[in-house]
Amino acid sequence: FTMVHGRRFGRRGLGRGGGGGLDPFVMMMLFQAFQRFQQMERKPPATMALIATNVLVYFAPGMLADLLPVMQHTPAICLNPVAVVEGWDLKRLLLSNFKHGDEYHLIINMSSFLWKGYQLEHQMGSAAFVKATFALMILTGLVAVAATYLLTILDPGSQFARYYYSMCSFGFSGVLFALKVILFHTSPGNVSFFGFFTVPTKYAAWVELGLMQLLGHSSLLMHLSGIL
């Protein structure tokens, strides 16, 4: 999720639709994630620990109030390039990954992370997977910050150059794209998109990025940073 020019993403009650009833889309995502977890022959402990951390940060922020009070204030931890470069607020590179805008954002990201973590943690080992994930959190943020900073110099009037000052990005999306690239690299072959066409795995992340933009997704910069 990205907040730009004052746009904010509010929090919704879990599974609540506009009329106050259960939101079927949220329930469906939860059920699919649970089914996927049950079907796993081996449960990835590091992946589950990271998912639990994200869930705890979102649903029980009060429990972290004494340990990390800053996590309760999104503007203080979201990825804002000017704050990182000029204010040396480096904690944003890490903490912004653990903040989510609403249940859709959290569940979609964690469901995706569960599947990627299940495969990569088995290949790499739990310790190496955790190190790689945290490294990707920081590197993805650095790429995004560096890109916006360079654009303020090369093309000050561009949209991404304005992001240097106004962007307030948070969530796991950039890391997920980075993990996707690693997974595709370690599993060569072809990827099918909606059953309509297939592409080699080395191009799949780029195709997915393009499709998401055609569908109006707003996190182009973070997804692109994850690929790079």
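Buried means under 20% relative accessible area, exposed over 50%, and partly exposed in between. The structure discussed here is a predicted model.

Q: Does H73 count as buried, partly exposed or exposed, and in which loop is H73 found?
A: H73 has a relative accessibility of 47%. As for its place in the chain, H73 is found in the loop between α2 (45-59) and α3 (74-77).

Q: What distance separates the C-alpha atoms of H73 and K99?
A: Along the chain, H73 and K99 are 26 residues apart. In the model, their C-alpha atoms are separated by 9.7 Å.

Q: How do the planes of F98 and F134 count: stacked, edge-to-face or tilted?
A: The structure holds eight aromatic pairs. In the one formed by F98 and F134, the ring centres lie 6.3 Å apart and the planes are at 40 degrees. Because stacked requires under 30 degrees and edge-to-face over 60, the pair of F98 and F134 is tilted.

Q: How many residues apart are F98 and F134, which link distant parts of the chain?
A: F98 lies in the loop between α5 (92-95) and α6 (103-124). F134 belongs to helix α7 (residues 126-154).

Q: Why is the pair of F98 and F172 edge-to-face, and what is the angle between the planes?
A: The ring centres of F98 and F172 are 6.4 Å apart. Edge-to-face applies to planes over 60 degrees apart. The pair is edge-to-face because its planes stand at 65 degrees.

Q: Which relative accessible area does F172 have, and is F172 buried or exposed?
A: F98 is buried at 8%, whereas F134 is partly exposed at 30%. F172, in the loop between β2 (168-169) and α9 (173-186), is 74 residues from F98. F172 is buried, with a relative accessible area of 0%.

Q: Which residues do ring pairs link into a cluster?
A: F98 pairs with F134 and also with F172. Ring pairs link these residues and others into a cluster of F98, F113, F129, F134 and F172.

Q: Over which ring does the charged end of K180 sit?
A: The charged end of K180 is 5.3 Å from the centre of the ring in question. That ring belongs to F177.

Q: In which element is confidence highest?
A: The mean pLDDT of the protein is 78, and 72% of its residues reach 70 or more. Confidence is lowest in strand β1 (residues 2-3), at a mean of 48. The highest mean, 94, belongs to helix α4 (residues 81-87).

Notes:
Residues numbered from 1 in each chain as written. Predicted model: local features only at pLDDT ≥ 70, side-chain atom pairs only at ≥ 80, totals over all residues. Heavy atoms only, no water. Phe/Tyr/Trp six-rings, centres within 6.5 Å; stacked < 30°, edge-to-face > 60°. Helix = DSSP H or I, 4+ residues; strand = E, 2+ residues; numbered from the N terminus. Buried < 20%, exposed > 50% of the residue type's maximum accessible area, 1.4 Å probe, protein only. Lys NZ or Arg CZ within 6 Å of the ring centre and 35° of its normal. pLDDT = per-residue confidence, 0-100.
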